[in-house]
Amino acid sequence: MPFVSVRITRDGVTSEQKAQVIAEITETLERVLHKDPHLTHIVIEEVDTDNWGYAGITTTQYRKQLAEGEGKS
């Protein structure tokens with residue numbers, strides 16, 4: 001029974017996009033590893049950008065810095 005966990009930031013991903021991700025991961029596991037789609041579980045976890053960080057700052061802060069930089073051009 002495959003279990004796949006996908007973590008993404010919570011910012012505008014639609015239900016249709018998540019359904020497509022689930023379908024395509026399931027299809028890949030079936031095609032490549034011959035796993036039964038009825039036994040394949042995909043979980044999408046959406047994380048607030050305040051709770052996702054890298055390079056010492058949150059994603060919220062990083063995106064704010066990018067936006068501010070674009071405004072200076």
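**Around aspartate 48**

Author: The backbone nitrogen of aspartate 50 sits 2.9 Å from a polar atom of the aspartate 48 side chain. Keep in mind that this is a predicted model.

Reader: Where does aspartate 48 lie?

Author: Aspartate 48 is in the loop between strand S2 (41-47) and strand S3 (53-54).

Reader: How far is aspartate 48 from arginine 10, in sequence and in space?

Author: They are 38 residues apart in sequence. In space, their C-alpha atoms are 5.1 Å apart.

Reader: New topic, valine 4. Which strand is it in?

Author: Valine 4 belongs to strand S1, residues 3-9.

Reader: And its relative accessible area? What is the value?

Author: For valine 4 it is 23%, so this residue is partly exposed too.

Reader: What does valine 4 touch, leaving out residues up to four places away in sequence?

Author: Valine 4 contacts Ile25, Leu29, His41, Ile42 and Val43.

Reader: Switching to annotation. What does UniProt say about residues 2-56?

Author: An unreviewed UniProt entry annotates them as "domain: 4-oxalocrotonate tautomerase-like".

Reader: How much helix and strand over residues 2-56?

Author: That stretch is 35% helix and 29% strand. Its end C-alpha atoms are 34 Å apart.

Conventions: Residues numbered from 1 in each chain as written. Predicted model: local features only at pLDDT ≥ 70, side-chain atom pairs only at ≥ 80, totals over all residues. Heavy atoms only, no water. Helix = DSSP H or I, 4+ residues; strand = E, 2+ residues; numbered from the N terminus. Buried < 20%, exposed > 50% of the residue type's maximum accessible area, 1.4 Å probe, protein only. Contact = heavy atoms within 4.5 Å. UniProt positions renumbered as here; feature names shortened; annotations may be inferred. Polar contact = N/O pair within 3.5 Å; in protein donor to acceptor, adjacent residues only side chain to side chain.
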